[in-house]
Structure formats: C-alpha cells, structure tokens
Amino acid sequence: MKVKSLLFLFLMFTGIYAQNKDEADKLVESGIVLHDKGDYEGAIKNYDKALELDKDNLFALIEKSLTLNSLNKFDEVIAISKHAIVTHPESGLQNVYVNYANALDHLKKNEEALKIYEEGIQRFPNYYQLYFNKGICYANSNNSSEALSCFQKSLSINPKHAGSLNAIGILETNSNRIPAVMAFSRFLIVEPQTSRSKKNFENLKSLMMKGVTQTGEKAVTINIDAATLPDSTGVKKENDFSAADLILSMSAGLDFDKKNVKKTDAENFIRKFEVICASLEETKNDNTGFYWNFLAPYFIEMKNKKLIEPFAYIAYVDSGEEDVAKWHKKNQDKLDKFYEWSKNYKWSTN
C-alpha cells in the first residue's frame, strides 16, 4: 500500500508540475508579445507570474533578462543570468550568456563581459550570436581587429546573419574596400528593403565610386589610396584585394565615358560589379584570408551563373528609379532564379 501511495503521490506531483510549466510557458509567450509591442513593464509582470508557477522556468528567466536589458536594468540581468546558469547547468543557456555579457558590456565592464562570452563560446561553440555580440564588445572598446575576427566567425556559422555583414561592411569601409563591397552586397541580399538596407545601399554606391570624381566636361580624377596598392616588398598578406580595388577604380572612371553616361545607374553598377568579380576569379589562386575563402567564391559563382544582373536590381530595389521598377515587373523569373541559387549555395566550411 505504501509503495502504491508513494507512486500515486509522485504521479500527482509530476502532473501538477507539468501543468504549471505549461501555464508558465503560456504566460512567457504572452510576455514576449508585450515586449515586442514595447510594453516592457507588462512583459515583466507576465514573466514574474510564470516564475511564481514554475520558479526556475528557463524560458521565463531568459525572456525576463532580455526585457530587463531593454529597460537598462543591467544589474538585475546579471543576477537572473547567474541564477539561470546555476539552476540549469545542462540546459540551453546560449542566450543567457549573451544577455549576461551584454549587461556587463553596457556597464562598461568589458573585460568581464569578454570572459562571459568566452565561457559561453566554450560551452556553445556553434552559436553565432555569442561571437557576434563578443565582436560588438570588442568594437565598443575600439579593438577593430578582434571585433572583425568575431564577426567573421559569426558569419561563417550563419552566412545569413545580416548583423555580421553590416558590421564587417562598416569596419572594412576605410581599410579594405573590396571586402566592404562584398559584405554590403551580401547584406542587401539577406535583408532587402529595410532602413538598414537603404543606408547600406548608399554605402555600397559610395564605395563603388570611391576616389573617382568628374573634374571637367571631359576630365575625370581618380585618387588611389596608397594603402590599397600592392606591397612594395612583394610579400603577400592575407585578404589582399589590391588588384580588384585598382581595377574597380579604373572601371568607375568609365562611368563618365560618353558610351556610358547615358546608361542607367543600375547598368553602370552591373558593369563595375562584373569587373570586380572577374578580377576576383583571376587572382583568387594567389591570395588567402577569410574574405577570399568565404565571400569571394560566392560572388565569383554569381558571375559565372550570370546572376549579377538580378543581384544589381535587388540592390537597387529602393532606389526609386523608374527603370528599376520596370525591370522588377518584367523579370520575376530572374529574381526567382537568383534567390534559388543563393539559398542553395554551398558555403565554405574551412
């Protein structure tokens, strides 16, 4: 009888626990809706109710820490994160580590934040958000080199991560133009028609014409950044795109040639981008580095598949140009073909 009684009590307890967890999860989901609407205090109330039903509910702890981050209550985020790590040593804590370290970063405790990111990475080495946010932490402390390494790692894990592409584009703009062009171009593919894409479209156009100005009716001035020229010692460095950079400048100067001045902006963009991709293909075997191994092959294949035209019109979708709108109406099949190729592209795992 005693065994049966104990079994009954165990089953009853298990049933109550499962019911409480289900109810708690529903409250968390409702809290997420409130968070997304900007009602952070309302969201917190839901998470607290969930934790009353199921005191260590990981779903509630994670979402509460995220909302507290939005409320700038960073000390509370840290306390909840520590509690979650202690009470769920074997559970999915990826976002707990992200929220925890983000809070430390906001409190200007960069070294502590980096240690928490690294602890999270040791436990979850394939979670791209840990690398991305670690990169943000490095960027906040003006360590661009380490930041770029983190963003590159994040992108290699998730090639569709727009944030990593955006960060690489921004950080490489003044130091290595071609990687910035590739990063912003890929960004416009994975995140079109947003406020960020509009800004990055302008960034891309500016990079394509960098150093090139029309100084007279028949005169064009091309300023070449000395940093982009080949090393005079002949020593090859990683991520050297000096050849492609030089060719792009020369090609951009041809925008003002009489045979090109009547072409649309999109048509001239296509011409210049084809030149970049051709240069990448010609010089790929002599170069090394993340951008050569990961991003360059994507654009080389794009050229070889004759998909630069649809890419260009994807990039120009928010330009407001009439010719772009007309192209989109007439060429849905080309857009479909491009996106199908891009979706199935096999990214390097090296």
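Are Phe294 and Trp347 buried or exposed?

Modeller: Phe294 is buried, and Trp347 is buried as well, where buried stands for under 20% relative accessible area, exposed for over 50%, and partly exposed for the range in between (1.4 Å probe, protein chains only). The model is predicted, so that local features need pLDDT of at least 70 and side-chain atom pairs count only at pLDDT 80 or more, while totals for chains, interfaces and linings use all residues. Residues are numbered from 1 along each chain as its sequence is written, and side-chain values use heavy atoms, with hydrogens and water left out.

Rings of Phe, Tyr and Trp (its six-membered ring) pair if their centres lie within 6.5 Å; planes under 30 degrees apart count as stacked, over 60 as edge-to-face and the rest as tilted. By this rule there are 22 aromatic pairs. One of them is the tilted pair of Phe273 and Phe311, with 4.9 Å between the centres and 45° between the planes. Phe273 belongs to helix α13 (residues 265–283) and Phe311 to helix α15 (residues 308–315), so this pair ties together parts 38 residues apart in sequence; helices here are DSSP runs (H or I, at least four residues), numbered from the N terminus. Phe273 is buried at 1% relative accessibility, and Phe311 is buried at 0%. Phe294 and Trp347 form a stacked pair, 4.9 Å centre to centre with 25° between the planes. This pair links distant parts of the chain, 53 residues apart: Phe294 is in helix α14 (residues 290–304), and Trp347 is in the segment after α17 (332–344).

The charged end of Arg186 sits over the ring of Tyr298, 5.0 Å from its centre, and Lys153 lies over the face of Tyr131 at 5.8 Å from the ring centre.

Salt bridges complete the account. With a side-chain nitrogen of Lys or Arg required within 4 Å of a carboxyl oxygen of Asp or Glu, the whole structure holds 14 salt bridges. Among them, Glu191 meets Arg196 with the closest N and O atoms 2.7 Å apart; Glu191 is buried at 16% relative accessibility, whereas Arg196 is partly exposed at 32%.

Notes:
Helix = DSSP H or I, 4+ residues; strand = E, 2+ residues; numbered from the N terminus. Lys NZ or Arg CZ within 6 Å of the ring centre and 35° of its normal.
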